[in-house]
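Biologist: I'm new to this structure and would like to learn how to read it. Could you take me through some features, one at a time?

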Amino acid sequence: ARDSAERNGGTAALEELSGEIQKESLPKWIRRLPRLKTLSLWRGIVLDATVADAIRGHCPDFESLTLYFGLGAGVDTNLSHFFLGLRSNSLRSLQVVSYHDCGPQTFLSLDNHCASLKHLSLGNLQGPALSSLSLLKGCTAIETLDLQDLTGRTDLEATENDVFLEFISWLTSCKHLKNVSLNNFVNGPRILTSVCLQPTIKLDSLHLARYTLAGNQDFHRALAHQTSLTSLHLKGDADDSFRDDIETLVTSLCKLKNLKYLNILDISDSFRTSEIQLLALHLPKVSFSCIPVSYEALASVSKSIQNSICCFPDAADTPRSASYSSIYDLLVRCLRAD
């Protein structure tokens, strides 16, 4: 690509390099791609100070890294050398998709990009990585944060409370945070309660997976403070919940007037017709929703709010449940079916 471009008096225009690239080849390829912005690599073990030097010297626009696997005894050290070797405050996006050995050294080195890092996604966190998240405390420019606990069994609040509080302190200091997703965190509701109550944070989307409806009224009340939310996905377990648990959640949801997407499928099994009516009437901007409703309640809901809500069977066409959505969403579904 470089040779062809040079023959025509230009430079290689490739901006993204992806795949399973050998460690020896990666620096050579990078030096030939001066417009490189994005790296998407299968194996993080190939990244080190040498690769960083190649990017620093030849790719002034580099800003985004995606790793699919980062396993290996030297990964944490090599990644730290890589991030420290890049031009300071040049990295805008980091995503680690699958299993990895990122840890304290990696997180500390990201302070080299504390003013530029806007998007951070770390999947399959475990052990030392979970206990080291607070080391990201310098990265307060983050706008999109997506974290996943691999096992869902690490209770930092109970076992390392000081670390847990430092982690919350970091999140609540991210004043530009717009999109946050916590998956499989034992302390997810507790963490997000602090985030939602932070007056300087105005979220656009919130995703919480794996929590219980029962016993988390503080979190549900805190949701009402994030009236800027346009997307909300709560995935959890409604077993052992009481009416006051449901009422607290519904009351808070009704205050989120800017919601356009609402998915509470797994925690709304016990919702009554009255609760569905309240949500439908108080959330006029919702264009997609995922809430189960019994067929026994369909007639009542359709009749009482027919001007704003249309009820229809879900994709599985099961005899006992259905979904509700706005008329606009139903119209789109019908057009697609045609």
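Modeller: Let's start with a pair of side chains: Glu20 and Arg43 meet in a salt bridge, with N to O at 3.4 Å. A salt bridge here is a side-chain nitrogen of Lys or Arg within 4 Å of a carboxyl oxygen of Asp or Glu. Glu20 lies in the loop between strand E1 (16-19) and H2, and Arg43 in strand E2 (residues 38-43), so the pair ties together parts 23 residues apart in sequence. Helices (H or I, at least four residues) and strands (E, at least two) are DSSP runs, numbered from the N terminus.

Biologist: What kind of model is this, and how are residues numbered?

Modeller: It is a predicted model, where local features need pLDDT of at least 70 and side-chain atom pairs count only at pLDDT 80 or more, while totals for chains, interfaces and linings use all residues. Residues are numbered from 1 along each chain as its sequence is written, and side-chain values use heavy atoms, with hydrogens and water left out.

Biologist: Back to that pair: is Glu20 buried or exposed?

Modeller: Glu20 is exposed, with a relative accessible area of 53%, while Arg43 is partly exposed at 31%. Buried means under 20% relative accessible area, exposed over 50%, and partly exposed in between (1.4 Å probe, protein chains only).

Biologist: Which residue forms a salt bridge with Asp48?

Modeller: The general idea is that side chains of opposite charge can pair when their charged atoms come close. In this case the side chains of Asp48 and Lys23 meet at 3.6 Å, N to O. This pair links distant parts of the chain, 25 residues apart: Asp48 is in the loop between E2 and helix H3 (49-58), Lys23 in the loop between E1 and H2. Asp48 counts as buried at 14% relative accessibility, and Lys23 as partly exposed at 36%.

Biologist: How many salt bridges are there by this rule?

Modeller: The count comes to nine. Another example is Arg92 with Glu63, whose closest N and O atoms are 3.9 Å apart.

Biologist: Now helices. How do I read the packing of H8 and H9?

Modeller: Two packed helices are described by the angle between their axes and the distance between the axes. For helix H8 (residues 161-172) and helix H9 (residues 188-197), the axes come within 9 Å and cross at roughly 35 degrees. Axes are lines fitted to C-alpha atoms, for helices over the stretch in contact, and angles run from 0 to 180 degrees between N-to-C directions. Residues making the contact include Phe164, Leu165 and Phe167 of H8 and Arg190 and Ile191 of H9. Contact means heavy atoms within 4.5 Å.

Biologist: Which residues is Pro27 in contact with, leaving aside its neighbours within four places in sequence?

Modeller: Those are Thr50, Val51 and Ala54. Pro27 lies in helix H2 (residues 26-31) and is buried, with a relative accessible area of 7%. The C-alpha atoms of Pro27 and Ala54 are 5.7 Å apart, though 27 residues separate the two along the chain.

Biologist: And what does helix H11 pack against?

Modeller: The buried residues of helix H11 (residues 243-253), among them Ile246, Leu249 and Val250, pack against helix H10 (217-223), strand E9 (231-237), strand E10 (261-263) and helix H12 (273-282).

Biologist: What about the whole chain?

Modeller: The chain has 14 helices and 14 strands, and 49% of its 338 residues count as buried.
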